[in-house]
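Here's a quick tour of some side-chain and helix packing details.

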Amino acid sequence: MQEIRADRRQHIIASAICVLAEYGIVEFTFNKVAHHAGISAALIVHYFASKEALLEAAFRSVVRQLNNQATARLRLAAGPRARIQALVDSHLGHNDFSEETARVWLSFWGQALHVPQLARVQRAHQQRMLSNLKFDLRQIVDAQDVSPMADTIAAMIDGVWLRAAMNGGVALQNGFARDLIFEFIARNLKGTLPSAAATSFDTVNPATGQLLATIRIDGQAEVDKAVARAAEAQKLWAKTPGVERGRILHRAAALLVERNDVLARLEAQDTGKPIQETIAVDVLSGADCIEYYAGLARTIAGEHHDLGTGAFGYSRREPLGVVAGIGAWNYPIQIACWKSAPALACGNAMIFKPAELTPLTAIELEKTYRDAGLPDGLFQVVQGKADTGRLLSLHPGIAKVSLTGEVGTGKKVMVDAAGTLKYVTFELGGKSALIVFEDADLDEAVLGALLANFYSAGEVCTNGTRVFVHKNVRDAFLAKLKARTEAMVIGDPLNPATQMGALISPAHMEKVLGYIALGQQQGANLLTGGKRVTTGDLAKGAFVEPTIFTGCTDDMAIVREEIFGPVMAVLDFEDEAEVVARANNTSFGLAAGIFTNNLTRAHRVIAALEAGTCWINTYNITPIEMPFGGNKQSGLGRENGKAAIEHYTQLKSVYVAMEPIDAPY
């Protein structure tokens with residue numbers, strides 16, 4: 001009986017929240033709640049003696065929801081500053097509040113000043129927020145500054161909601177507000193508790209925890225020296241005929257193939273990826289890229305323009321000069337090749353900074369280029385963290401920055417590059433859709449979904465982690481998918497039988513596990529996986545089971561946000577137009593894929609999807625011949641193919657007069 005009463009009470013509260021979202025507090029009545037709940041108003045009076053009591057219960061329910069989301073966000077955050085930002089995001093409803101929840105929250109803010117019961121709940125909520133803020137602020141500011149800063153941040157959050165409530169209860173537009181708060185935090189935390197600048201960092205095998213190397217960090221002096229060497233070498237390289245540049249690049253590609261076994265092993269140790277991947281893809285795909293641009297080097301040219309008998313014109317494709325490449329940790333040597341090969345083929349010099357988590361194979365690539373006969377200074381590796389990368393994006397001697405990384409990093413690099421009007425090419429994050437239509441070959445679609453989610457332990461930017469499956473084939477698809485997933489071999493990356501290795505670091509593993517917990521908390525069904533792997537020696541590493549969620553909705557964090565781990569979200573759909581709209585409802589636009597045997601539908605849907613790289617009846621295949629890149633916030637420009645030549649050269653137009661000048665002077 002108590003359970004029935006609790007369920008009925010919760011049903012009334014949920015209906016009250018829906019009524020508040022639709023009508024607001026002013027028009028809120030027991031009759032409207034009763035109509036929505038499908039019960040009598042008298043029953044509501046029985047459970048809640050007054051309107052104020054029901055409003056208080058609804059307010060407490062919304063506060064619990066917000067606090068649960070805040071707790072999940074805090075678990076995902078690494079470090080006190082990230083936790084503070086996560087707390088601000090969750091209390092502003094950033095990416096977590098539905099429009100309905102935001103309207104209800106605004107309604108409460110409009111009445112909390114006048115209704116004692118609501119004010120009491122609000123004060124308790126504010127005290128919880130202040131407590132969390134102070135906990136993290138204590139770690140990064142002086143003791144006397146903790147309370148004032150926490151009070152100020154809390155007041156800014158409260159002020160945003162109060163102002164919105166006073167403006168008529170319009171749903172909050174929080175993007176500008178959160179930017180102002182983060183700017184305040186950054187401005188006031190800068191320089192607090194300064195620590196000695198690190199001069200080196202360790203790179204660790206994420207599968208074993210073993211130290212692989214200690215790397216020296218390059219600072220301003222080292223970057224300046226590298227840029228000067230590159231500028232000097234590039235002058236001669238730009239004058240070298242394309243055919244000769246191509247010969248050197250051909251030799252470099254051949255050397256990479258010869259050294260594949262050694263480099264693949266090193267890449268597996270540095271990334272945690274299985275050797276069966278690195279030996280077949282990582283190094284060899286980099287060699288393919290260098291070989292491709294070695295062939296294109298002699299073809300780089302402008303155009304001739306016939307302007308009649310009195311003149312003609314032509315254009316020249318010329319190198320930019322010294323360019324910078326900033327790599328990501330998921331495909332270290334491949335990314336270094338994807339950036340350096342077109343740059344060098346076009347006559348540029350490149351300074352490349354690998355990710356600090358995977359610094360080793362870029363060093364070997366530099367040796368390979370040198371052994372192939374590339375003149376000194378044309379490809380140099382600098383090491384470090386974000387500060388070293390920023391030295392490149394700010395340096396006046398660098399003409400272009402090509403970055404593979406997160407959206408936030410791309411925005412920062414773009415701001416820095418704007419100071420000297422650098423060219424930029426960005427390959428950023430993604431939350432791509434993979435759509436399985438009812439006429440698809442389900443065995444092929446399952447293989448595609450596995451490749452789109454669990455290859456490289458899910459640490460692939462293009463991964464199709466939003467898997468939309470037509471309702472008519474959902475059950476059959478899930479049965480096949482579950483069986484194939486649970487048969488995957490997780491283990492030592494250096495064992496050729498291993499199909500899935502470790503995540504890049506313990507910190508990233510915790511982030512992925514945090515998203516898995518958040519998915520369960522937000523109501524998704526865990527079909528398989530979801531746990532850290534700790535059997536035997538794997539307990540020393542960052543291993544997570546391949547994880548599949550079903551029963552997902554578009555507003556869940558695991559569906560909207562890039563996790564970069566082995567986590568698949570499966571969603572249902574019934575209609576083609578519906579699924580295209582849902583697939584496009586994201587700020588990302590890197591990739592997309594569909595499985596269907598209907599040829600007309602295949603091309604129609606691909607044309608409608610807002611993504612830069614797409615596949616039909618396969619996934620994650622990226623041949624060097626085809627341009628690669630994203631739309632929207634997933635990037636600018638393209639890598640690979642002939643399109644990359646445009647991003648590593650600039651055009652010079654030349655007008656040639658063949659007749660005397662006809663001037664009126």
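This is a predicted model: local features need pLDDT of at least 70, side-chain atom pairs count only at pLDDT 80 or more; totals for chains, interfaces and linings use all residues.

Searching the whole structure turns up seven aromatic pairs, and a couple of lysines sit over tyrosine rings, K273 over Y331 and K400 over Y648. On the helix side, α4 packs with α5, and α18 packs with α19.

**Aromatic rings**

- Of the seven aromatic pairs found in the whole structure, one is made by Y292 and Y293, and it's edge-to-face.
- For Y292 and Y293, the ring centres are 5.0 Å apart and the planes make an angle of 85°; since the cut-off for edge-to-face is over 60 degrees, that angle puts the pair in this class.
- Both tyrosines are tucked away: Y292 is buried, and Y293 is buried too.
- Elsewhere, F352, Y369 and F379 are joined into a cluster by ring pairs.

**Charges over rings**

- Look at Y331 and you'll find K273 over its face, 3.3 Å from the ring centre.
- Y648 has a lysine over its face as well: K400, at 4.8 Å from the ring centre.

**An aspartate in α17**

- D416 belongs to helix α17, which runs over residues 407–418.
- Is D416 buried or exposed? Its relative accessibility is 11%, so D416 counts as buried, because the cut-off for buried is under 20%.
- Setting aside neighbours within four places in sequence, D416 is in contact with R390, S393 and L394.

**Helices α4 and α5**

- Helix α4 spans residues 51–76 and helix α5 spans residues 80–91; they pack at about 155°, and their axes are 9 Å apart.
- That angle makes α4 roughly antiparallel to α5, because anything over 145 degrees gets that label.
- The α4 and α5 crossing is right-handed.
- Where do they touch? From α4 come L66, A70, R73 and L74, and these meet R83, A86, L87, S90 and H91 of α5.

**Helices α18 and α19**

- Helix α18 (residues 442–451) packs with helix α19 (residues 474–486) at an angle of about 50°, and the axes lie 10 Å apart.
- So α18 is oblique to α19.
- The crossing of α18 and α19 is right-handed.
- On the α18 side, the contacts come from L442, D443, A445, V446, L447, A449 and L450, while α19 brings A476, F477, K480, L481, R484 and T485.

Terms used: Residues are numbered from 1 along each chain as its sequence is written. Side-chain values use heavy atoms; hydrogens and water are left out. Rings of Phe, Tyr and Trp (its six-membered ring) pair if their centres lie within 6.5 Å; planes under 30 degrees apart count as stacked, over 60 as edge-to-face and the rest as tilted. Buried means under 20% relative accessible area, exposed over 50%, partly exposed in between (1.4 Å probe, protein chains only). A charge sits over a ring if NZ of Lys or CZ of Arg is within 6 Å of the ring centre and within 35 degrees of the ring normal. Axes are lines fitted to C-alpha atoms, for helices over the stretch in contact, and angles run from 0 to 180 degrees between N-to-C directions. Helices (H or I, at least four residues) and strands (E, at least two) are DSSP runs, numbered from the N terminus. Angles under 35 degrees count as roughly parallel, over 145 as roughly antiparallel, 65 to 115 as roughly perpendicular and the rest as oblique. A crossing is left-handed if the near helix is turned anticlockwise from the far one by less than a right angle, and right-handed if clockwise. Contact means heavy atoms within 4.5 Å.
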